[in-house]
Amino acid sequence: MKLIAGISSAALLCLLSLNGGAQQSASVSAFVPAAPPSTAVRTILPSNNAIANAMRYETSLNAEGIKITMPALSSTMKEGRVVSWLKSEGDEIEAGEAIMVVESDKADMDVEAFEDGYLAKILTEEGETAEVGAVVALVAAEEGDIAAVAEGGDGGADGAAAPAAAVEEAPAAEASAGAAAPDVEFSQLDMPALSSTMKEGKVVSWLKGEGDSVEAGEAIMVVESDKADMDVEAFEDGYIAAIITDEGEAANVGSPVALIAANEADIPALKAYASSLAGGAPAAPAAAAPAAASPAKAAPKAAANPAASAGGRVVASPLAKKMATEMGVDISTVAGSGPGGRITAGDVQKAASGGGAPAKKAAAPSKPSWTPAAGVVAATPTARALAKKAKIDLATIEGTGEFGRVTADDIKIATGEMKPKRKIAAPGAPAVVELPEGLVPFTGMQRAVSNNMVATMGCPVFRASREIEMDAFNALYRSVKPKGVTVSALLAKAVAKAIEKHPIVNSSFREEGTFFNKDINVAMAVAIDGGLITPVLKYANERDVLELGENWKELVGKAKSGTLSPDEYNSGTFTISNMGMFGVSQFDAILPAGQGGILAVAGTQEHIVPCKQAVLGMKKISKMTVTLTCDHRQIYGADAALFLKTLNDVMMNPQQLM
């Protein structure tokens, strides 16, 4: 599948259907050509609901139709010619499947379907030309609706015109109130749709800064979608004039994230215009930083006496007093090194670590004391009010304030409104382990994993476990390990060989019946920083283990760097989850949506078993426990048991894997 500006043609088709015009569809390549100088209205992409309404229409028979429009395959493309249709009327199409070849002013490219359905009617035949945004075909959601959608014919396009006009009218009114675009040549960089489910993207990093020149085909930013991190490339030459969405910030698909100037001299004008797109006023120039003060002369070393003035008051900086309280240091014993013997924060740190030489405690007048009358609980007025409101007896609260008074914080801690303050560890004690606290938002990948897990809740499953002898398999692994073959590659090959004899575990459930997958594509769960992903070893039963080993290393590298393509992680027909390397003795895996089985592989453990040939009648063997989770709607217990038996035979006679 050929990519344009880092975006698949599936995502391309989605974006090109937004407003039905060449100007709007150019956002697919990450750049939107600027409005003409005479136009003060900037293009604003419609909402998702408006897009859906504009893409669909209903015929007189209430059959819902989906429009396929002519995409803009370059920023200069005004019309395209249909070179060939890869599907015929009445054929079933799936999301991501190529349905036609379009010739633009740059090259011939495949165009993929964005939704499942049936090709109801072709409006632009092979060899004919259509303007960008024009409807070229109609797709029916259900096979029974093909005739009704086809009868709607060209009327579907007209029927969608009204919603599309409504979609454009509101943004135009909103844009008219914004600042006028400068009379310079520039392009607008929009947040691309990197997958069919992506609604917003986060800018992971900018590979170019403001003022930098960019060339067509050069990666300019990295965007995190709900699937993976992907580079977004420039489609035209120019200069980055203004970055609207900074690193770490998110933007809706189609929202402007930067402006690109055709000429370097136009950057200042576009920076001012960018502030109106971001919804803020241009920032005022920063005031010149004051000249750095000349370094103060080093203060003479203080005498080794506490910094106490007449009357016993300790002279110390506010920070030093705060640190002394937190560290449990008696500040009256600390020798000050500041002006006039003033105690600094550094003095407190030295005293706490034992690095300083604290002076002997100077004689000071005793601190005043106060004892409340009998039956009187010492408390602040605020504490009394809070206790009355919470219906708490003040006598049950231990006061932490001066003279042992109950404070407002003591009441809040008692009611659970506030957490108790952690006591500072004494000098020399083990450091307190700081644990994370509070809400951490999901990354795009973590949210996708969460949604997939929830999607499996409605599937009835059962599980079957079996111990498998591993001595022969381990011996084979030791012999092929120097050639770069991993345990994962060998496991995938062994499972694929067992599936050949039991294809039912490679099937998936459909409302009409059991769907058998012709190919055996083994997905392997991989835990990466920030999520979980399942790279796929395709055609695992047909390829040798050396080829599978090389492919697996490549897939793991892509998974860790976030560069897997959708086909490399969502095309699995059977999944393996291996936690044996963590020493797990047995576990169950959750069945992925759309698959019939997943195999949980635990660690290898040694067992002593009877053996007539052994000297002592016993021998040591290695075993591991595997657990198969199946969709019980089309796979039964006997199917799982027979599959596990065959897998055990393959693992005990692994030479057939070579």
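A: Tyrosine 539 is placed in the loop between β25 and α14, where helices (H or I, at least four residues) and strands (E, at least two) are DSSP runs numbered from the N terminus. The model is predicted, so local features need pLDDT of at least 70 and side-chain atom pairs count only at pLDDT 80 or more, whereas totals for chains, interfaces and linings use all residues. Residues are numbered from 1 along each chain as its sequence is written, and side-chain values use heavy atoms, with hydrogens and water left out.

Although tyrosine 539 is not a glycine, its phi is positive, at about 55 degrees. The residue is partly exposed, with a relative accessible area of 32%; buried means under 20%, exposed over 50%, and partly exposed in between, with a 1.4 Å probe and protein chains only.

At the start of α14, a side-chain oxygen of aspartate 544 comes to within 3.1 Å of the backbone nitrogen of leucine 546. The length of α14 agrees with expectation, because its 17 residues should span 24 Å at 1.5 Å a residue and its end C-alpha atoms are 24 Å apart; the expected span is 1.5 Å times one less than the number of residues. Just after α14, glycine 562 adopts a positive phi of about 70 degrees.

The buried residues of α14 are Val545, Leu548, Gly549, Asn551, Trp552, Leu555, Val556 and Ala559. They lie on the same side of α14, because they cover an arc of only 170 degrees around the axis, the arc being that of the directions from the helix axis to the C-beta atoms. The elements that cover these buried residues include α13 (487–501), β22 (522–524), β23 (526–528), β24 (531–533) and β25 (536–537). The face of α14 turned away from the buried side carries the exposed residues Glu550 and Lys553.

Charged side chains supply a further set of links. Glu554, Lys558 and Glu568 are joined in a network of salt bridges; a salt bridge is a side-chain nitrogen of Lys or Arg within 4 Å of a carboxyl oxygen of Asp or Glu. Lysine 558 meets glutamate 554 at 3.6 Å, N to O. An α-helix has 3.6 residues a turn, so residues three or four places apart point the same way. Glutamate 554 is partly exposed at 43% relative accessibility, and lysine 558 is also partly exposed, at 23%. Lysine 558 forms its salt bridge to glutamate 568 with the closest N and O atoms 3.0 Å apart. Because lysine 558 lies in α14 and glutamate 568 in the loop between α14 and β26 (574–578), this pair ties together parts that are 10 residues apart in sequence. Glutamate 568 is buried, with a relative accessible area of 18%.

The loop between α14 and β26 also holds threonine 573, which is buried at 8% relative accessible area. A polar contact of 2.7 Å joins the side chains of threonine 573 and asparagine 506; such a contact is a pair of N or O atoms within 3.5 Å, where within protein one must be able to donate a hydrogen and the other to accept it, and residues adjacent in sequence count only if both atoms are side-chain atoms. Leaving aside residues up to four places away in sequence, threonine 573 touches Asn506, Asn517, Asp519, Ile520, Asn521 and Gln595, contact meaning heavy atoms within 4.5 Å.

The strands β25 and β26 belong to an open sheet of six strands with mixed pairing, in the order β19-β28-β27-β26-β22-β25; two strands pair if DSSP finds at least two bridges between them. Its edge strands are β19 and β25, each of which pairs on one side only. β19 and β28 pair in the antiparallel sense over nine bridges. A salt bridge also connects lysine 623 with glutamate 467, with the closest N and O atoms 3.5 Å apart. The pair links distant parts of the chain, with lysine 623 in β28 (residues 618–631) and glutamate 467 in β19 (residues 461–469), 156 residues apart. Glutamate 467 is partly exposed, with a relative accessible area of 41%. A search of the whole structure finds 13 salt bridges.
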